[in-house]
Amino acid sequence: MIPSTTGFLKQDIEIKEQPGKTYGMDLNGDSVRGYADGREAVQQAVFRILNTERYRYLIYPWWYGIETTDLYGEPLNWVCAELERRIAEALLTDSRIKSVTDFEHDIRKKGTVHTTFTVNTIYGDVRGEREVSI
């Protein structure tokens, strides 16, 4: 006889968000001090996601990070459009991030695209940036 699961499936399940408190990173230096929560923690998550090459490090899950290595040698127009898509895709895996908007691309020197954008979070807007060599 197969056990009945109908009673189990009808139970109310409450899903709670985990707290965003994490260790505080000095984004301009190389130290970790104290803790970060709220907007500061999201800003730190944006930095970490966009500076981690997807699939390169076994410690991170397959969905974490951004792919940029295959952009080398591609046409500039395609790189800019693809960079917008990849940045948004990478950041939207974080439930605290609602959308990524206002992309601006700047060619700083030959072979480098500097992209700035706005990350709309549950704590307010955060500016982000990513530079990619093409």
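The second largest pocket of this predicted model is lined by Gly20, Thr22, Ala41, Ala45, Arg48, Ile49, Trp63, Tyr64, Thr93, Asp94 and Arg96. About 200 Å³ of space lies in this second largest pocket. Helix α2 gives the largest share of its lining, with 4 residues.

**Pockets**

- By class, the lining of the second largest pocket consists of 5 nonpolar, 3 polar and 3 charged residues.
- The largest pocket holds about 310 Å³ of space.
- In the largest pocket, 13 residues form the lining, and those nearest its centre are Phe47, Asn51, Arg127, Gly128 and Glu129.
- Two elements, α2 (39-50) and β5 (124-133), each supply at least two residues of the lining of the largest pocket.
- Strand β5 contributes the largest share of that lining, 6 residues.
- The lining of the largest pocket divides by class into 5 nonpolar, 4 polar and 4 charged residues.

- An open sheet is formed by 3 strands in the order β3-β4-β5, with antiparallel pairing.
- The edges of the sheet are β3 (97-107) and β5; each has a single partner strand, so one side of each is left without a neighbour in the sheet.
- From one strand to the next, the twist averages 20°.
- The antiparallel pairing of β4 (residues 112-121) with β5 extends over 10 bridges.
- Within this pairing, Asn120 has Asp125 of β5 as its bridge partner.

**Helices on the sheet**

- Helix α2 packs on the sheet and touches β3, β4 and β5.
- The direction of α2 makes about 15° with that of β5.
- Helix α3 (residues 76-91) also lies across β3, β4 and β5.
- Relative to β3, helix α3 runs at about 155°.

**Backbone**

- Which residue has a positive phi of about 75° although it is not a glycine? That residue is Tyr55, and its place is in the loop between α2 and α3.
- Is Tyr55 buried or exposed? Tyr55 has a relative accessible area of 54%; the cut-off for an exposed residue is over 50%, so Tyr55 counts as exposed.
- Asp102 is not a glycine either, and has a positive phi of about 55°.

**Overall make-up**

- The secondary structure of the protein amounts to 3 helices and 5 strands.
- Along the sequence, these elements follow the pattern α-β-β-α-α-β-β-β.
- Of the 134 residues in the protein, 36% are buried.
- Considering contacts between residues at least 6 apart in sequence, 30% join residues at least 24 apart.

Technical notes. Residues are numbered from 1 along each chain as its sequence is written. This is a predicted model: local features need pLDDT of at least 70, side-chain atom pairs count only at pLDDT 80 or more; totals for chains, interfaces and linings use all residues. Side-chain values use heavy atoms; hydrogens and water are left out. On a 1 Å grid over the protein atoms alone, a cavity is a set of points where a 1.4 Å probe fits but cannot get out, and a pocket is an open set with protein on both sides within 12 Å along at least five of seven lines; lining residues have an atom within 4 Å of a point. Grid points are joined across faces, edges and corners, and a volume is the space filled by probe spheres set on the points. Ala, Val, Leu, Ile, Met, Phe, Trp, Tyr, Cys and Pro count as nonpolar, Asp, Glu, Lys and Arg as charged, and the others, Gly among them, as polar. Two strands pair if DSSP finds at least two bridges between them. Axes are lines fitted to C-alpha atoms, for helices over the stretch in contact, and angles run from 0 to 180 degrees between N-to-C directions. Contact means heavy atoms within 4.5 Å. Buried means under 20% relative accessible area, exposed over 50%, partly exposed in between (1.4 Å probe, protein chains only).
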